[in-house]
Amino acid sequence: MKVSLFATCLTNAFYPGVDLTMAKILKYLGHSVDVPEGQACCGQIAFNSGYIDDAREVARTLIHSFERSEIVVSPSGSCIAMIHHYYPFLFEKEPVYLKKSEELIKKSYEFTQFLVDVLKKPDLGAKYPIKATYHPSCHATRLLGVDEAPYKLLEHVQGLELLPLAEAQLCCGFGGTFSVKMPKISEAMVAEKANHVLASGADLLLGIDMGCLMNIAGYLEKINKPVKTMHIIQLLGEGMKP
Amino acid sequence: MTMYNSSVDQRVDAALANNFLRQATRRATDRLRHNKYKATDELGSWEEWRNAGASIRSHVIENLDYYLQQLIQQTEKRGVQVHLAKTPEDAVAVVRDIVQKHDAKNVIKSKSMISEEIYLNHFLQADGVLSVETDLGEYIIQIAGEPPSHIIVPAMHKTRQQVADLFEPIAGHTLSSDTPTLTRFVRVRMREQFLRGDIGITGCNFAVANTGSIVMVTNEGNGRMVSTLPRVQITLMGMERIVPSFRELDVMLNLLARSATGQRLSSYTTILTPPRQSTESDGPEEFHLVILDHNRSEILGDKTFRPALNCIRCGACFNVCPVYRQIGGHAYGSVYSGPIGSVITPLLEKNWEKWGHLPFFSSLCGACSEACPVHIPLHDLLVKLRARKTISGHTPQIEQQIFKAYRYFFTHEKTLRRALRLGSRLQFPFVRNGRITGGPPPLSNWTKSRTLPMVAPKSFMQVWADLKLNRKSSE
Amino acid sequence: MTNANDFISQLASKLGRSTPTVPPPLIDFHVPQYRLSNPGERSTIFLHNWQELGGKGVIVKTEDQTVSCLKEWFGDLPLSWIKDNPQAILAWDSLPTLAETAFSTLNWPLARYTMAAPDPRERYSIAAQAELGITGADWGIALSGTIVTNSSAQRGRAVSLLPPRHLAFIEASKLRDNLSEVLEEVSALGSPPSAIEMISGPSRTSDIEMDLSIGVHGPIEVYVIVIDT
Ligand code: SF4
């Protein structure tokens with residue numbers, strides 16, 4: 001299969017290693033990987049802040065960059081959810097782009113969803129002995145319905161002991177611009193999430209959205225209780241190294 | 001009018017500093033949420049009930065003109081006096097008129113969110129009328145002079161001791177702060193009020209269009225008292241609170257009781273088809289139905305937000321909301337708080353200056369939409385309200401500039417690449433131990449409570465481009 | 001106030017049409033209703049759910065059983081109530097025969113609510129001072145442990161409301177599995193009575209610190225006798 005990566009603005013700028021590892025895993029599974037130029041962001045930052053006109057233009061750019069792709073895969077459930085959930089709304093008055101966004105929706109996946117549901121490859125033979133806990137990100141689970149896939153991948157990681165995270169369903173307080181627009185509420189939310197992470201007894205926090213992980217890890221670091229944090233992609237990448 | 005003169009920030013600060021409030025909010029929402037799960041799981045087919053509820057509500061709203069007309073005809077036919085109020089002022093005027101006409105001095109009320117919405121108690125008290133809330137929680141906040149902090153448990157933010165302190169001046173002696181004592185005190189005291197009440201004012205959970213029936217659910221029994229004992233009854237309803245017939249009522253009552261408190265049915269479900277018949281021994285002789293619009297018709301005319309009218313006020317969205325969980329209801333500043341309050345308040349009140357913060361009281365996590373028994377896409381409505389606010393020009397200039405810049409860079413990826421490279425060099429003044437720990441606002445809003453990773457020396461797009469270049473040159 | 005026609009036509013215009021004259025189509029929905037596979041269990045399940053809510057209840061077949069259960073529940077209390085207040089036991093004008101005969105056997109004098117006083121206010125205060133209110137019921141709902149009563153000229157609504165104890169008699173044949181069956185039968189009545197009260201257990205509140213407390217306004221103790229003859 002020919003897979004195009006959608007690198008997302010956050011990983012592109014802060015965590016290029018996540019995107020690169022994703023590319024490596026897909027290549028390892030025998031797929032050809034490309035990264036279309038011009039892609040930058042799904043538009044969510046502006047959309048969630050109420051700037052839909054700005055969001056629409058960013059979305060249009062993204063649509064253009066993947067027009068010739070067969071499959072689009074991204075390390076963020078939130079960004080894929082933005083495309084699936086809101087692009088039709090953004091382009092409701094533009095039939096041409098409405099059609100283009102529907103095409104993009106049909107071919108775009110979040111990484112764990114793609115691996116488990118499309119490729120049916122929950123077992124990558126990874127090995128990573130550690131006690132970990134997993135934070136299910138809101139957009140991936142609620143908007144995209146990516147619920148089981150991450151757990152299936154984790155089940156197959158040898159040596160990994162997955163500990164339950166209390167009140168896992170609670171939002172970590174990131175919410176994109178919410179975290180700077182309502183910083184105190186956001187802080188209270190991440191504080192609760194961080195407490196649950198610490199109480200889980202895990203040595204590693206896992207997730208499938210770098211935004212949430214950046215938020216939780218950033219808070220834990222600020223209160224001097226750093227916990228190792230990884231995207232499932234990073235865990236798999238490390239675990240697959242010979 | 002609001003009970004608050006403080007700013008949004010002050011209210012949020014006060015809420016976050018109030019540990020009892022935050023614990024109480026967690027306790028209340030956790031309890032209600034888990035009760036709900038028990039009650040919905042045992043049905044084994046909750047999704048089917050939800051879907052039915054959503055279709056019923058949407059159908060009613062899309063045919064509200066017909067059903068409201070039918071309701072008016074059916075109730076009038078039986079002798080109910082119907083009053084259609086366009087505005088809160090209209091509704092208040094209707095009630096005041098009725099109270100004055102009967103020279104009523106004692107008004108007893110069971111729970112009505114419409115009464116809160118129109119600040120009825122405030123006006124009745126100004127007229128020298130003793131208007132008593134009889135729901136225990138509503139009574140507590142009435143004495144405290146506060147709006148409800150939760151739509152189902154309005155006084156959940158008060159400790160027993162605070163409640164005892166509020167009751168003592170009324171009791172005229174000290175009260176121990178255990179719940180049975182406090183409940184007994186209210187039972188005895190309210191009995192006098194119930195028997196003395198000239199006029200009863202109630203809310204309305206559902207109105208049945210084809211029979212002209214008013215349905216009320218309560219657990220304490222005060223709704224029954226208020227609708228049985230006084231000679232005159234006034235029922236306040238939002239104009240959207242309709243079901244076509246008893247067939248649909250079944251679904252709605254199941255959804256409401258299970259979602260609100262996890263009960264199969266509330267302790268008391270009362271279906272009134274007023275007024276009482278001449279031969280009957282009790283029940284009000286005179287019955288007024290006040291139907292309030294208050295910009296609901298504007299919402300009806302706006303397809304984007306129309307689903308907000310589907311709400312059955314069950315409170316399930318409050319009990320899953322991570323924002324509400326941290327700050328409780330008062331920080332919102334509005335009568336309706338929680339996710340649905342953040343959606344409908346700006347639409348009902350039409351005042352961005354005052355209520356523009358509400359759509360932002362959400363991380364858009366979607367838990368509310370997932371919980372709603374009638375499938376209202378609350379998080380979608382919140383994000384769409386944000387867009388409305390921006391379009392209406394009520395956002396700061398600087399914010400508009402930031403998003404213009406965002407749009408520019410994120411539609412010009414090559415420029416973005418260069419900007420990121422520049423950023424990775426310019427970030428060093430703010431970097432400690434490999435993390436960004438400070439910076440100008442809005443960045444500082446983040447770094448006050450969190451560290452931020454450094455902008456990578458090479459963005460992924462650059463890394464990939466370089467890899468490709470290397471591959472080509474080595475070929 | 002706004003005139004109804006204007007009010008409605010405004011709504012219609014918001015919906016992009018003129019005021020409709022024909023009813024909208026019936027709403028198409030389906031919900032899987034709770035049905036008992038064995039209707040013979042209905043009384044037991046009803047009682048179980050009623051008791052879960054904090055009510056007391058029993059199934060009786062004979063007058064003797066009724067008498068002995070009333071004795072067990074109330075002992076000689078009723079006789080002492082009557083000494084202080086002849087109207088301490090307040091009832092609907094007529095109760096199921098089995099109930100009437102049981103009370104005569106017990107020699108507990110029932111005051112009939114509608115005849116207790118000519119003025120409604122006086123009746124309310126009599127009801128408020130009564131110790132026990134006794135009613136029949138029109139339906140019962142097994143799933144939710146609910147009794148349903150219709151108002152009528154011979155039945156006071158206050159009887160099941162104001163006294164601290166409420167005792168209801170219900171024939172087993174009036175029990176239904178779920179709410180929808182009851183509402184269907186209500187619809188079939190044509191015009192509903194002015195009040196239908198559905199009562200599921202005692203009055204309760206959790207308004208103070210989410211602490212469940214029984215009997216805030218309505219009855220504190222509720223009893224039901226299912227007559228299965
Ligand atoms: S929006 Fe939905 S969940 Fe929230 S109160 Fe209304 S009906 Fe209940």
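**Note on the predicted model: chains A, B and C and the ligand**

1. The contact between chain C and chain B takes 83 residues from chain C and 105 residues from chain B, where contact means heavy atoms within 4.5 Å. The model is predicted, so local features need pLDDT of at least 70 and side-chain atom pairs count only at pLDDT 80 or more, while totals for chains, interfaces and linings use all residues. Side-chain values use heavy atoms, with hydrogens and water left out; residues are numbered from 1 along each chain as its sequence is written, and chains are lettered from A and ligands numbered from 1 in the order in which they are written.

2. Of the two pairs of chains in contact, chains B and C share the most contacts. Chain A and chain C have no contact, and their closest C-alpha atoms lie 20 Å apart.

3. Chain C and chain B bury about 7800 Å² between them, with 58% of it on carbon and sulfur atoms. Buried area is the accessible area (1.4 Å probe) that two parts lose on being put together, summed over both. On the chain C side, Glu209(C), Met210(C) and His217(C) lose the most area to chain B, together 11% of what that side buries.

4. Six salt bridges are found across the interface of chain C and chain B; a salt bridge is a side-chain nitrogen of Lys or Arg within 4 Å of a carboxyl oxygen of Asp or Glu. Arg27(B) and Glu209(C) meet through their side chains in a salt bridge (3.9 Å, N to O). The interface of chain C and chain B also has 50 residue pairs in polar contact (both at pLDDT 80 or more). A polar contact is a pair of N or O atoms within 3.5 Å; within protein, one must be able to donate a hydrogen and the other to accept it, and residues adjacent in sequence count only if both atoms are side-chain atoms.

5. Several elements give two or more residues to the side of chain C that touches chain B, including helix H1 (4-14), helix H7 (120-129) and strand S9 (195-199) of chain C. Helices (H or I, at least four residues) and strands (E, at least two) are DSSP runs, numbered from the N terminus. H1(C) provides the largest share of that side, seven residues. By class, the side of chain C that touches chain B has 43 nonpolar, 29 polar and eleven charged residues. Here Ala, Val, Leu, Ile, Met, Phe, Trp, Tyr, Cys and Pro count as nonpolar, Asp, Glu, Lys and Arg as charged, and the others, Gly among them, as polar.

6. Strand pairing also joins these two chains: strand S9 (residues 268-272) of chain B and S9(C) pair in the antiparallel sense over five bridges. Two strands pair if DSSP finds at least two bridges between them. Thr270(B) has Glu197(C) in S9(C) as its bridge partner.

7. Arg155(C) lies in the loop between strand S6 (146-150) and strand S7 (165-171) of chain C. Not counting residues up to four places away in sequence, Arg155(C) touches Ser281(B), Trp92(C), Thr114(C), Asp138(C) and Asn150(C). Its side chain makes a polar contact of 2.7 Å with the side chain of Asp138(C) and reaches the backbone oxygen of Asn150(C) at 2.8 Å.

8. In the other interface, 70 residues of chain A are in contact with 68 residues of chain B. Chain A and chain B bury about 5800 Å² between them, 64% of it on carbon and sulfur atoms. Ten salt bridges are counted between chain A and chain B. One of them pairs Glu192(A) with Arg325(B), the closest N and O atoms being 2.7 Å apart. Helix H11 (residues 183-199) of chain A gives the largest share of the side of chain A that touches chain B, nine residues.

9. Over all chains, a search of the whole structure finds 56 salt bridges. The side chains of Glu286(B) and Lys101(B) form a salt bridge (3.7 Å, N to O). Glu286(B) lies in strand S10 (residues 286-292) of chain B and Lys101(B) in helix H5 (residues 88-101) of chain B, so the pair ties together parts that are 185 residues apart in sequence.

10. The ligand is surrounded by 13 residues, the closest being Cys311(B), Cys314(B), Gly315(B), Cys317(B) and Cys372(B); a residue counts as near if one of its heavy atoms lies within 4 Å. The shell around the ligand has eleven nonpolar, one polar and one charged residues.
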